[in-house]
Amino acid sequence: PGFELQPYALITFDRASVQGNLDAILTYNKKIWGGLGFRYQDGVAMIPVIVGFAIKSFRVGISYDIGTSASNLNRNGSIEVLINYCFKIETEKFRKSYKNTRFL
């Protein structure tokens with residue numbers, strides 16, 4: 001009904017390091033969303049907390065990364081802002097017609 005759960009998994013590699021993300025976002029009525037995740041890179045673990053809302057084709061959100069490893073506990077987390085717009089592309093619907101006697 002009104003709730004949707006979207007799990008995400010992402011692994012990136014750039015020849016120097018490997019980064020892995022596991023996230024889950026819960027959406028209510030396709031308008032309000034929030035979620036938690038886990039990010040691991042080079043011995044540093046982060047937990048991103050994300051919230052946002054959608055109005056028509058716009059999505060706005062904010063994420064705060066909380067450090068969980070010993071080297072990040074003394075630092076403040078980082079804030080990320082998300083602004084997204086989805087273009088609606090409509091294609092012409094055409095009728096498939098064949099001019100071959102096999103398809104009559």
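Predicted model: local features only at pLDDT ≥ 70, side-chain atom pairs only at ≥ 80, totals over all residues.
**Entry: aspartate 65**

I checked the accessibility of aspartate 65 next. Its relative accessibility is 2%, and the cut-off for buried is under 20%, so aspartate 65 counts as buried. I then looked for a partner of this side chain. The side chain of aspartate 65 makes a polar contact with the side chain of arginine 39, at 3.0 Å. I listed the contacts of aspartate 65, leaving aside neighbours within four places in sequence. The list holds Arg39, Met46, Ile47, Pro48, Gly77, Ser78 and Glu80.

**Entry: the fold as a whole**

I counted secondary structure and got zero helices and six strands. Read along the sequence, the pattern is β-β-β-β-β-β. The protein has 104 residues, and buried residues make up 21% of them. I also took the contacts with a separation of 6 or more, and 21% of these are between residues 24 or more positions apart.

**Entry: S1 and S2**

How do S1 and S2 run, parallel or antiparallel? I found them antiparallel, joined by 11 bridges. In this pairing alanine 9 stands opposite leucine 22 in S2. The two strands form a hairpin, with four residues between them. I looked at burial in S1 as well. S1 has 11 residues and the number buried is zero, so S1 lies largely in the open.

**Entry: positive phi**

Most residues other than glycine have a negative phi. I looked up two residues with a positive value.

Arginine 15 is not a glycine, yet its phi is positive, at about 70 degrees. I placed arginine 15 in the loop between S1 and S2, in the turn of the hairpin noted above. Is arginine 15 buried or exposed? Its relative accessible area is 79%, and the cut-off for exposed is over 50%, so arginine 15 is exposed.

Asparagine 29 is another residue other than glycine with a positive phi, here near 50 degrees. I found asparagine 29 in the loop between S2 and S3. With a relative accessible area of 41%, asparagine 29 is partly exposed.

**Entry: serine 57**

I went on to the loop between S4 and S5, where serine 57 lies. Serine 57 counts as buried, at 16% relative accessibility. Which residues is serine 57 in contact with, leaving aside its neighbours within four places in sequence? I noted Asn84, Tyr85, Cys86 and Lys88.

**Entry: the largest pocket**

I looked up the largest pocket and recorded a volume of about 370 Å³. Its lining has 20 residues, and the closest to the pocket centre are Asn21, Asp23, Ile25, Arg39 and Ile50. Arg39 had already come up as the polar contact of aspartate 65. Which elements give two or more residues to the lining? I listed S1 (3-13), S2 (18-28), S3 (32-41), S4 (44-55), S5 (58-67) and S6 (78-85). The largest share, five residues, comes from S3. I sorted the lining by class and got 11 nonpolar, five polar and four charged residues.

Methods. Residues numbered from 1 in each chain as written. Heavy atoms only, no water. 1 Å grid on protein atoms, 1.4 Å probe; cavity = no way out; pocket = protein on both sides within 12 Å on 5 of 7 lines; lining within 4 Å. Points joined across faces, edges and corners; volume = space filled by probe spheres on them. Nonpolar A, V, L, I, M, F, W, Y, C, P; charged D, E, K, R; others polar. Buried < 20%, exposed > 50% of the residue type's maximum accessible area, 1.4 Å probe, protein only. Pairing = 2+ DSSP bridges. Polar contact = N/O pair within 3.5 Å; in protein donor to acceptor, adjacent residues only side chain to side chain. Contact = heavy atoms within 4.5 Å.
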